[in-house]
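Here are my notes on the fold, as numbered points. They are meant to be read with the structure open.

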Amino acid sequence: MGFLRNQQLLSKMATGNGHGENSPFEGWKAYDSNPYHAIKNPDGVIQMGLAENQLSFDLVEDWIKENPESSICTLKGVSQFKDIALFQDYHGLSAFRNAVANFMGKVRGGKVKFNPDRIVMSGGATGAHETMAFCLANPGDAFLVPTPYYAGFDRDLRWRTGVQLIPVVCESSNGFKVTRDALEIAYKKAQEDNIKVKGVLITNPSNPLGTILDRETLKSIVSFINEQNIHLICDEIYAATVFSQPDFISISEILEEGITCNLDLIHVVYSLSKDLGFPGFRVGVIYSYNDDVVNCAREMSSLGLVSTQTQHLLSAMLSDEQFVDKLISESAERLASRHKMFTIELGKVGISCLKSNAGLFCWMDLRALLEKKTVEGEMALWRTIIEKVKLNVSPGSSFHCSEPGWFRVCFANMDDETMKVALDRIIDFVFKPNKKEIMAPKKVQQKWQANLHLRLSLCGRRHEEVTKTPCTMSPHSPLVRAT
């Protein structure tokens with residue numbers, strides 16, 4: 001009776017489950033109820049489903065200690081408290097916009113420059129993506145999104161806007177490359193279904209793949225959207241996580257090379273959550289080449305601004321070019337070291353990952369461990385990894401991957417010792433013979449059993465993501481809260 005009364009009193013959004021918070025996410029529940037701690041809970045679940053960059057916090061902490069005047073909450077900075085605490089309009093502090101624009105250029109190797117007057121603030125990349133959806137599409141319109149793609153897009157872009165996301169199927173046979181043919185197929189199918197496509201959304205570097213889009217692929221995508229007269233949203237929030245060759249190529253670099261394109265169709269989403277490791281600061285950025293979008297997004301940003309205290313601190317930090325250069329360089333080295341350590345140790349027991357050079361995660365190939373080559377088989381293996389191995393990893397189906405057996409595993413959100421424990425657990429899992437919970441085919445188990453006495457040898461190092469419309473939501477998305 002109470003439920004019916006609420007249905008009558010509240011909106012469809014309030015009584016629906018469009019956000020997805022109540023979707024099954026056993027991995028997160030398992031971690032939340034039993035988190036790993038080296039001393040207090042060594043048998044707990046290790047969090048490998050959260051894409052956080054924690055490997056360079058010591059550098060940031062050192063800078064804050066050396067620059068107390070950058071915070072209004074210190075004796076040296078409190079004199080600026082009143083000016084920062086009073087009302088600021090939604091354009092943001094000019095010093096902050098200038099610092100962010102310069103940082104975005106530096107992250108992209110100084111190959112492009114960004115106009116601070118086009119910087120629009122948002123409450124993280126989540127808010128930025130929703131704002132872009134509101135600016136570019138009407139309820140029922142759609143964006144094409146190459147798979148596998150970040151699970152949170154289903155929530156971020158769809159819940160309150162009513163837009164649809166149409167997967168562009170990419171396959172492992174070519175490294176999940178985004179092809180013109182795949183875009184054409186998805187676009188044609190949408191037309192046949194009488195769905196209006198308003199744009200393409202790409203992530204570069206990719207979450208969950210950890211790969212970057214090459215120059216020819218970017219040009220091909222720009223050519224496609226220009227011919228169809230639809231928008232291109234480029235999520236570049238992992239731009240500074242590229243840790244080896246080839247270099248990251250921003251869509252802005254492609255534009256500056258003079259490619260034929262209507263610039264009004266191009267938009268960039270950025271944030272400081274991944275590159276700097278500051279997801280709690282909720283700093284998102286929209287950079288659009290369309291004046292109307294900039295104006296509309298700026299007006300909408302009044303609903304989700306970045307606090308002036310945060311702007312004040314970050315404008316000082318990002319304006320310190322010597323520090324920024326050191327942070328970008330050192331972070332890349334530490335990510336490269338952790339990635340190398342993780343993939344080499346997995347390779348010793350026959351587990352491979354997609355070749356990658358960016359991001360805070362690996363795209364791990366466990367297809368050989370599937371009892372059945374289906375999504376159901378993948379989910380069964382995933383639950384075994386959570387319940388028996390005590391690792392919270394992310395199944396490929398939650399990213400709309402078309403091939404069962406791929407998993408995203410985050411490696412930058414823990415210290416070296418926790419990573420060693422996680423690797424030990426994976427190896428123990430692989431080597432356990434004749435257990436129901438082990439999903440490996442017999443021939444795969446025999447191959448790995450031959451290496452039974454293999455021991456880990458980890459090199460020490462200093463340091464080492466409208467209403468309910470379930471029709472397009474991944475039915476196997478346990479990672480609604482993941483980033």
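1. Strand β12 (residues 394–395) pairs with β13 in the antiparallel sense, over two bridges. The bridge partner of Pro395 in β13 is Phe407. Please keep in mind throughout that this is a predicted model.

2. Strand β13 (residues 406–410) also pairs with β10 (residues 361–365): five bridges join β10 to β13, and the two run antiparallel. Here Phe361 stands opposite Cys410 of β13. In general, strands of a sheet pair through backbone hydrogen bonds, either parallel or antiparallel.

3. Is β13 mostly covered or mostly open? Strand β13 is mostly covered, with five of its five residues buried. In a regular strand the side chains alternate between the two faces of the sheet. In β13, Trp406, Arg408 and Cys410 are on one side, Phe407 and Val409 are on the other, and all are buried, so both faces are covered. Note that Arg408 is among the buried residues.

4. The loop between β12 and β13 holds His400. His400 has a positive phi of about 65° although it is not a glycine. His400 counts as buried because its relative accessibility is 16%, and the cut-off for buried is under 20%.

5. Arg282 is not a glycine either, yet has a positive phi of about 55°. Its relative accessibility is 35%, so Arg282 counts as partly exposed.

6. One runs from Thr147 to Pro148, with omega near -5°, and Pro148 sits in the loop between β3 (142–146) and α8 (153–156). The other runs from Gln245 to Pro246, with omega near 0°; Pro246 lies in the loop between β6 and α11 (251–256).

7. What is the strand order of the seven-stranded open sheet? The order is β2-β8-β7-β6-β5-β3-β4, and the pairing is mixed.

8. Cys234 has Val268 of β7 as its bridge partner. Helix α6 (residues 94–107) packs on the sheet and touches β2, β7 and β8 (283–288); the direction of α6 makes about 95° with that of β2.

9. Two packed helices are described by the angle between their axes and the distance between the axes. For α14 (residues 321–347) and α16 (residues 416–431), the axes come within 10 Å and cross at roughly 20°. The angle is under 35 degrees, so α14 is roughly parallel to α16. The crossing is right-handed. On α14 the contact is made by Arg338, Met341, Phe342, Glu345 and Leu346, and on α16 by Asp416, Met419, Leu423 and Ile426. By class, these residues divide into six nonpolar, no polar and three charged.

10. Helix α16 also meets α15 (residues 375–389), where the axes come within 11 Å and cross at roughly 115°. α15 passes α16 in a right-handed crossing. Leu381, Thr384 and Val389 of α15 meet Arg425, Ile426 and Phe429 of α16. This contact has four nonpolar, one polar and one charged residues. Ile426 takes part in the contact of α16 with α14 and in that with α15.

Technical notes. Residues numbered from 1 in each chain as written. Predicted model: local features only at pLDDT ≥ 70, side-chain atom pairs only at ≥ 80, totals over all residues. Heavy atoms only, no water. Axes fitted to C-alpha atoms, helices over the stretch in contact; angles between N-to-C directions. Helix = DSSP H or I, 4+ residues; strand = E, 2+ residues; numbered from the N terminus. Parallel < 35°, antiparallel > 145°, perpendicular 65-115°, else oblique. Left-handed = near helix turned anticlockwise from the far one by under 90°. Contact = heavy atoms within 4.5 Å. Nonpolar A, V, L, I, M, F, W, Y, C, P; charged D, E, K, R; others polar. Pairing = 2+ DSSP bridges. Buried < 20%, exposed > 50% of the residue type's maximum accessible area, 1.4 Å probe, protein only.
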